[in-house]
Amino acid sequence: MACFLVPAAEAAVVTIAAHSLELAEQKKAQRLTLSGDHTALAEENPLPWSRKLKWLTYLLWGGVLLLAFEHVWHGEVTPWFPFLTAASNPADMVEMFQEMATVGVTMAVIVTAVWGVLVACASLLLKRSDRAELAR
């Protein structure tokens, strides 16, 4: 019924965090450029955290859009108030909150875990390529 709201809330928070982190990274790069510290600029991470967080936002928002479409398709989400059909009946609201607490949280945790594995693999591949370059 409303399980997609939990990943949507996580996606909103992560989107804001990724954007603010990206701005901070850009300011740091500008300071390094203006100071003329080219060695620190060259040592910058080729895969910054803001980009990694953007991967998580893409995964979360994609899942939210698909789930929202599925719920609209089945008539569980309507374009009129209260938007969620379960919210119109207090007995259904209990079931809706239980679904959000179980299914929604589980989906958000699984997507975040998959993202963590993706980030770990990307970091491992970057380390491997760095070692290969040093061996040359």
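**Surface, contacts and loops of the model**

L59 is partly exposed, with 36% of relative accessible area; here buried means under 20% relative accessible area, exposed means over 50%, and partly exposed lies in between (1.4 Å probe, protein chains only). The structure is a predicted model, in which local features need pLDDT of at least 70 and side-chain atom pairs count only at pLDDT 80 or more, while totals for chains, interfaces and linings use all residues. Residues are numbered from 1 along each chain as its sequence is written, and side-chain values use heavy atoms, with hydrogens and water left out.

L59 is found in helix 3, where helices (H or I, at least four residues) and strands (E, at least two) are DSSP runs numbered from the N terminus. Together with I110, V114 and L118, L59 forms a nonpolar patch on the surface. Such patches are built from residues with over 30% relative accessible area and no salt bridge, with nonpolar side chains (Val, Leu, Ile, Met, Phe, Trp, Tyr) joined within 5 Å and like charges within 9 Å. The four residues of this patch share about 340 Å² of accessible area, a value from the Shrake-Rupley method with a 1.4 Å probe, for which only the protein chains shown count as cover for residues. Helix 4, which spans residues 90–135, gives the largest share of the patch, 3 residues.

The structure holds 1 salt bridge, meaning a side-chain nitrogen of Lys or Arg within 4 Å of a carboxyl oxygen of Asp or Glu. The two partners are K54 and E22, whose side chains meet at 3.1 Å, N to O. K54 belongs to helix 3 and E22 to helix 1 (residues 5–35), so this pair ties together parts that lie 32 residues apart in sequence. Both ends are partly exposed: K54 has a relative accessibility of 27%, and E22 has one of 22%. As a general point, side chains of opposite charge can pair when their charged atoms come close.

Aromatic rings come next. A search of the whole structure finds 3 aromatic pairs. One of them joins F69 and W73, with 5.7 Å from centre to centre and 45 degrees between the planes, a tilted arrangement. Rings of Phe, Tyr and Trp (its six-membered ring) count as a pair if their centres lie within 6.5 Å; planes under 30 degrees apart are stacked, over 60 edge-to-face, and the rest tilted. F69 and W73 lie in helix 3 (residues 49–73), 4 residues apart, which is about one turn of the helix. F69 counts as exposed because its relative accessibility is 52%, and W73 counts as exposed at 65%. Another pair, F81 with F83, is edge-to-face, with 6.0 Å between centres and 80 degrees between planes. At 69% relative accessibility F81 is exposed, whereas F83, at 43%, is partly exposed. A ring can also meet a charge: K52 lies over the face of W49, 4.5 Å from the ring centre. For this, NZ of Lys or CZ of Arg must be within 6 Å of the ring centre and within 35 degrees of the ring normal.

A cis peptide bond, with omega of about 5 degrees, joins F81 and P82, and P82 sits in the loop between helix 3 and helix 4. F83 is found in that loop too, and its phi is positive, about 70 degrees, although F83 is not a glycine. The loop between helix 3 and helix 4 also holds S88, which is exposed at 54% relative accessible area.

H71 lies in helix 3 and is buried, with 4% relative accessible area. H71 and A2 are 69 residues apart in sequence but 8.1 Å apart in space, C-alpha to C-alpha. L47, in the loop between helix 2 (38–42) and helix 3, is buried at 9% relative accessibility. L47 and S123 are 76 residues apart along the chain, and their C-alpha atoms are separated by 8.2 Å.

Finally, the cysteines. With a disulfide taken as a pair of cysteine sulfur atoms within 2.5 Å, the count is 0. C3 is buried, at 5% relative accessible area, whereas C121 is partly exposed, at 42%.
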